[in-house]
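I kept each entry to what I looked up.

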Amino acid sequence: MLFFKKKTTPVPLEERLVPQNLGIIMDGNGRWARKRGLPRQAGHVTGAQTFRKITKYCERCGIRYLTVYAFSTENWKRPQEEVDAIMNLLHQYLRESLADFQKENIRVRFIGDRAPLAEDIRQLMEEAEESTAHKEGMTLNIALNYGGQQEITAAARRLAERVQAGEITPADVTEESLQQALYTEDQPPVDLILRPSGEYRLSNFLIWQSAYAEFVFMEDILWPDFKESDLERAFAEFARRNRRFGGV
């Protein structure tokens with residue numbers, strides 16, 4: 001993994017190796033707002049704008065799968081005022097994205113437990129998925145009320161229920177069958193996990209999918225300030241990695 005403590009010069013675009021499957025932990029919204037004497041909600045608003053910009057850039061770069069960490073299963077522990085602000089922002093974003101993403105060749109999917117979310121938000125999520133299902137470009141996974149441990153537990157429970165029902169035997173429970181029971185199903189493993197803000201952990205994000213992912217943690221930037229050039233820096237570092245997948 002790499003810890004970016006200061007700006008570095010990106011590799012020229014013609015030498016760039018772009019990951020097929022990218023995960024981004026969009027971190028630092030609250031600290032960005034606090035540094036400017038603003039309420040934390042202001043950081044989430046600016047962070048949402050950054051998300052839309054970076055998502056479109058990823059599609060233009062040729063990334064096939066992008067998963068962004070929007071709201072974790074642990075984020076409900078935050079102050080209610082902040083949770084409400086995030087949900088209101090999500091509602092607004094979903095309404096705007098229904099029109100915005102129609103212009104892009106991006107298929108939108110949501111991963112996570114939808115049950116605790118408000119009905120109007122769940123409906124907008126379904127509309128976003130249905131209206132982009134025919135897209136053949138990048139698949140955008142928005143991790144919402146998502147936790148990696150919760151995802152694996154739910155997948156194991158579904159397989160156990162199938163065993164109990166006699167549909168499969170215990171011997172049929174394999175890495176492949178568990179993968180098919182995850183939210184990401186047939187998607188390939190994650191190549192690169194990117195996290196700005198100076199935190200050096202996965203925070204329960206894509207635990208199964210990132211078993212052999214490369215990690216780039218960037219100390220020198222918070223998510224609301226994240227730019228296309230910062231993404232290129234991460235791609236440059238990814239291109240320098242020697243990925244052996246347990247081999248030599």
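**Entry 1: cavities**

I began with the second largest cavity, which holds about 30 Å³ of space. I worked on a predicted model, in which local features need pLDDT of at least 70 and side-chain atom pairs count only at pLDDT 80 or more, while totals for chains, interfaces and linings use all residues. Residues are numbered from 1 along each chain as its sequence is written, and side-chain values use heavy atoms, with hydrogens and water left out.

Rolling a probe the size of a water molecule over the atoms shows where empty space is left. On a 1 Å grid over the protein atoms alone, a cavity is a set of points where a 1.4 Å probe fits but cannot get out; a pocket is an open set with protein on both sides within 12 Å along at least five of seven lines; lining residues have an atom within 4 Å of a point. Grid points are joined across faces, edges and corners, and a volume is the space filled by probe spheres set on the points.

I counted two cavities of 30 Å³ or more by this rule. For the second largest cavity I listed N21, T67, T184, Q187, P188, V190, L206 and Q209 as the lining. I sorted this lining into three nonpolar, five polar and no charged residues (nonpolar: Ala, Val, Leu, Ile, Met, Phe, Trp, Tyr, Cys and Pro; charged: Asp, Glu, Lys and Arg; polar: the others, Gly among them).

**Entry 2: pockets**

I found a volume of about 760 Å³ for the largest pocket. Of its 31 lining residues, M26, N29, Y69, A70 and N75 lie nearest the centre. I noted that α1 (29–35), α2, β3 (65–72), α3 and β5 (138–146) each supply at least two residues of this lining; helices (H or I, at least four residues) and strands (E, at least two) are DSSP runs, numbered from the N terminus. By class I recorded 15 nonpolar, eight polar and eight charged residues for the largest pocket.

The second largest pocket has a volume of about 340 Å³. I found 16 residues lining the second largest pocket, with Q179, P189, W208, Q209 and A211 nearest its centre. Helix α6 gives the most to that lining, with three residues. The classes there are seven nonpolar, five polar and four charged.

**Entry 3: Q179**

I placed Q179 in helix α6 (residues 175–180). Is Q179 buried or exposed? Q179 counts as buried because its relative accessibility is 16% (buried is under 20% relative accessible area, exposed over 50%, partly exposed in between, with a 1.4 Å probe and protein chains only). Its side chain reaches the backbone oxygen of E185 at 2.5 Å. Leaving aside neighbours within four places in sequence, I listed T184, E185, Q187 and W208 as contacts of Q179 (heavy atoms within 4.5 Å).

**Entry 4: nonpolar cores**

I took a nonpolar core as a set of buried Ala, Val, Leu, Ile, Met, Phe, Trp, Tyr and Cys residues joined through side-chain atoms within 4.5 Å. The largest has 41 residues, and L22, I24, L194 and L231 have the most contacts inside it. Helix α3 (residues 80–100) gives the most to this core, with six residues. Apart from it I found another core of 13 residues, among them A143, Y146, V190 and F205.

**Entry 5: Q49**

I located Q49 in helix α2 (residues 40–61). Q49 counts as exposed because its relative accessibility is 52%. Q49 and P224 are 175 residues apart in sequence, yet I read 7.8 Å between their C-alpha atoms.

Conventions
A polar contact is a pair of N or O atoms within 3.5 Å; within protein, one must be able to donate a hydrogen and the other to accept it, and residues adjacent in sequence count only if both atoms are side-chain atoms.
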